[in-house]
Amino acid sequence: MARLKLAAAAAICGAALVLQGCGTRPTAPAPAPSPRPPVTVFPAPSTAALSPAAYVVTASSMDLFEIRSSGLALTRSRSARVRDFARMMISAHKGTSAQLSLAGRRLNLLPAAFMQPAQKRMFDELLRSGNFDSVYKRQQVAGHRAALQVHAVFAVRGSSPTLRPIAQAAVPIVRRHLAMALKL
């Protein structure tokens, strides 16, 4: 008798599952994505400040990208304006990088020795680009917008009194660079 009750309960559960599936409609397959040009990828802007360690790594990786991509622009750009901009980027970002490194070392925080994935993807895209100047200009705008967000938020909300002045000093520099990149 117990086996019969168990079998009946199993049959009822099975029937309920089958009936539950009857009300669903088949879904159409998702359309194939349309091909798009490569997109510059940066982490989504946030209103929360990074930790001091994350700030040092992120900001130094951004500086490293600016220095290396601008070094590449000196050899690959066909535009004198772009090469002049690149020279200024190298000089300015070596300066901000040195300040960040000095302040970070006081806190035993080392700057990034390599570009983070977002900057590495951009640099690789730039290396492969057949239209160097256009890609470089687009990346400079995107990179400086992201850097402005990182520095501006840390300047106000960062938890490190040693690093906040570095972020505060970087904000007007990055703002100027962004304005110049928009005019390239």
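**Entry 1: a term before I start**

Axes here are lines fitted to C-alpha atoms, for helices over the stretch in contact, and the angles run from 0 to 180 degrees between N-to-C directions. With that in hand, I looked up helix 2 and helix 3 (residues 80-106), and I found that they pack at an angle of about 155°, with their axes 8 Å apart. I keep in mind that this is a predicted model.

**Entry 2: the whole chain**

I stepped back for an overview. I counted six helices and zero strands in the chain. Reading along the sequence, I noted the pattern α-α-α-α-α-α. The chain has 184 residues, and 36% of them count as buried. Its exposed surface comes to about 11200 Å², of which carbon and sulfur atoms supply 63%.

I also asked how contacts relate to the sequence. Among contacts in the chain with a separation of 6 or more, 79% join residues 24 or more positions apart.

**Entry 3: helix 2 against helix 3**

Back to my opening pair. Angles over 145 degrees count as roughly antiparallel, and helix 2 and helix 3 are therefore roughly antiparallel to each other. Helix 2 passes helix 3 in a left-handed crossing.

Which residues of helix 2 meet helix 3? I listed several on the helix 2 side, including Tyr55, Val56, Ala59, Asp63, Ile67 and Leu74. On the helix 3 side I found, among them, Val82, Arg83, Ala86, Met89, Ile90, His93 and Leu100. By class, this contact of helix 2 with helix 3 has 11 nonpolar, seven polar and five charged residues.

**Entry 4: the loop between helix 2 and helix 3**

I then looked at Arg78, which lies in the loop between helix 2 and helix 3. Is Arg78 buried or exposed? The cut-off for exposed is over 50% relative accessible area, so Arg78, at 80% relative accessibility, counts as exposed.

Leaving aside neighbours within four places in sequence, Arg78 is in contact with Arg83 and Asp133. Arg78 and Asp133 are 55 residues apart in sequence, and their C-alpha atoms are 7.3 Å apart in space.

**Entry 5: helix 2 against helix 5**

Helix 2 (residues 52-76) has another partner on my list. Its axis and that of helix 5 (residues 132-157) come within 11 Å and cross at roughly 160°. That makes helix 2 roughly antiparallel to helix 5. I noted a left-handed crossing where helix 2 passes helix 5.

**Entry 6: Arg76**

Arg76 is found in helix 2. At 30% relative accessibility, Arg76 counts as partly exposed. Which residues does Arg76 contact, leaving aside its neighbours within four places in sequence? I found Leu126, Leu127, Ser129 and Phe132. I also noted that Arg76 and Asn131 are 55 residues apart in sequence and 9.9 Å apart in space, C-alpha to C-alpha.

**Entry 7: helix 3 against helix 6**

Next I turned to helix 3 and helix 6 (residues 164-183), whose axes come within 11 Å and cross at roughly 170°. Helix 3 and helix 6 are therefore roughly antiparallel to each other. Their crossing is left-handed.

Helix 3 brings residues including Phe85, Met88, Met89, Ala92, Thr96 and Leu100 to the contact. Helix 6 brings Ile166, Ile173, His177, Met180, Ala181 and Lys183. I see 10 nonpolar, four polar and two charged residues in this contact of helix 3 with helix 6.

**Entry 8: Leu182**

Leu182 also lies in helix 6. Apart from neighbours within four places in sequence, Leu182 is in contact with Val141 and Arg145. Leu182 and Val141 are 41 residues apart in sequence but 6.3 Å apart in space, C-alpha to C-alpha.

**Entry 9: Asn108, to finish**

Most residues other than glycine have a negative phi. Asn108 has a positive phi of about 60° although it is not a glycine. Where is Asn108? I located Asn108 in the loop between helix 3 and helix 4 (117-128). With a relative accessible area of 71%, Asn108 is exposed.

Methods: Residues are numbered from 1 along each chain as its sequence is written. This is a predicted model: local features need pLDDT of at least 70, side-chain atom pairs count only at pLDDT 80 or more; totals for chains, interfaces and linings use all residues. Side-chain values use heavy atoms; hydrogens and water are left out. Helices (H or I, at least four residues) and strands (E, at least two) are DSSP runs, numbered from the N terminus. Angles under 35 degrees count as roughly parallel, over 145 as roughly antiparallel, 65 to 115 as roughly perpendicular and the rest as oblique. A crossing is left-handed if the near helix is turned anticlockwise from the far one by less than a right angle, and right-handed if clockwise. Buried means under 20% relative accessible area, exposed over 50%, partly exposed in between (1.4 Å probe, protein chains only). Contact means heavy atoms within 4.5 Å. Accessible areas come from the Shrake-Rupley method with a 1.4 Å probe; for residues, only the protein chains shown count as cover. Ala, Val, Leu, Ile, Met, Phe, Trp, Tyr, Cys and Pro count as nonpolar, Asp, Glu, Lys and Arg as charged, and the others, Gly among them, as polar.
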